[in-house]
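Please walk through this structure from its overall fold down to individual side chains. The text after the display follows that order.

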Amino acid sequence: MKRSLKSQAPFIQLVVLGCLTFVFAFIGILVVRPLVMNGFHVSEQDFLTFNYSKPGFTNAMRVLLGILSIFVFLLPSFAFAYFSEPR
């Protein structure tokens with residue numbers, strides 16, 4: 001019989017939530033950042049030096065911040081809720 005995360009110690013739950021957050025953030029950075037940067041025609045060098053004179057850089061950063069916020073805050077919480085009590 002599978003035990004849910006609800007029956008685990010609070011420290012274990014915290015560790016699982018932290019690991020989920022780290023995994024989703026890592027996936028978001030690896031997958032989303034190149035897509036957004038290529039979509040707004042911003043090079044890696046412009047991104048590393050924060051070249052605000054490049055058109056589209058500010059919009060690319062806004063989109064990237066929004067998507068990464070979803071990957072860091074929303075998706076891990078939904079995954080943790082699913083693993084806490086799968087129905």
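From the N terminus on, the elements run α-α-α; the protein has three helices and zero strands. Helices (H or I, at least four residues) and strands (E, at least two) are DSSP runs, numbered from the N terminus. This is a predicted model, in which local features need pLDDT of at least 70 and side-chain atom pairs count only at pLDDT 80 or more, while totals for chains, interfaces and linings use all residues. Residues are numbered from 1 along each chain as its sequence is written, and side-chain values use heavy atoms, with hydrogens and water left out.

The C-alpha trace spans about 55 × 25 × 15 Å along its principal axes. The radius of gyration is 17 Å, whereas a compact globule of 87 residues would have one near 12 Å. That radius is taken over C-alpha atoms, and the globule rule is 2.2 Å times the number of residues to the power 0.38. Of the 87 residues, 21% count as buried; buried means under 20% relative accessible area, exposed over 50%, and partly exposed in between (1.4 Å probe, protein chains only). Among contacts with a separation of 6 or more, 58% join residues 24 or more positions apart, contact meaning heavy atoms within 4.5 Å.

Which residues make up the largest nonpolar core? It has nine: V32, V36, M37, V42, F47, F57, A60, L64 and F71. Two or more residues of this core come from each of α1 (10-39) and α3, and α3 gives the most, with four. A nonpolar core is a set of buried Ala, Val, Leu, Ile, Met, Phe, Trp, Tyr and Cys residues joined through side-chain atoms within 4.5 Å. Leaving aside neighbours within four places in sequence, V42 is in contact with M37, F47, K54, G56, F57 and A60.

Helix α3 covers residues 57-84 and includes S84. S84 counts as buried because its relative accessibility is 11%. Not counting residues up to four places away in sequence, S84 touches S4, L5 and K6.

The protein exposes about 6400 Å², of which carbon and sulfur atoms supply 72%. Accessible areas come from the Shrake-Rupley method with a 1.4 Å probe; for residues, only the protein chains shown count as cover. A nonpolar surface patch is formed by F22, V23, F26, I27, L30, V31 and L35, with about 700 Å² of accessible area together. Patches are made of residues with over 30% relative accessible area and no salt bridge, like charges being joined within 9 Å and nonpolar side chains (Val, Leu, Ile, Met, Phe, Trp, Tyr) within 5 Å. F22 lies in helix α1 and is exposed, with a relative accessible area of 58%.

The whole structure holds two salt bridges, each a side-chain nitrogen of Lys or Arg within 4 Å of a carboxyl oxygen of Asp or Glu. One pairs E44 with R33 (3.0 Å, N to O). E44 lies in helix α2 and R33 in helix α1, so this pair ties together parts that are eleven residues apart in sequence. E44 is partly exposed at 40% relative accessibility, as is R33 at 24%. D46 and K54 also meet in a salt bridge (3.9 Å, N to O). D46 is buried at 11% relative accessibility, whereas K54 is partly exposed at 30%.

The loops remain. Most residues other than glycine have a negative phi. H41, in the loop between α1 and α2 (44-49), has a positive phi of about 55° and is exposed, with a relative accessible area of 63%. F50, in the loop between α2 and α3, has a positive phi near 50° and is partly exposed at 43% relative accessibility.
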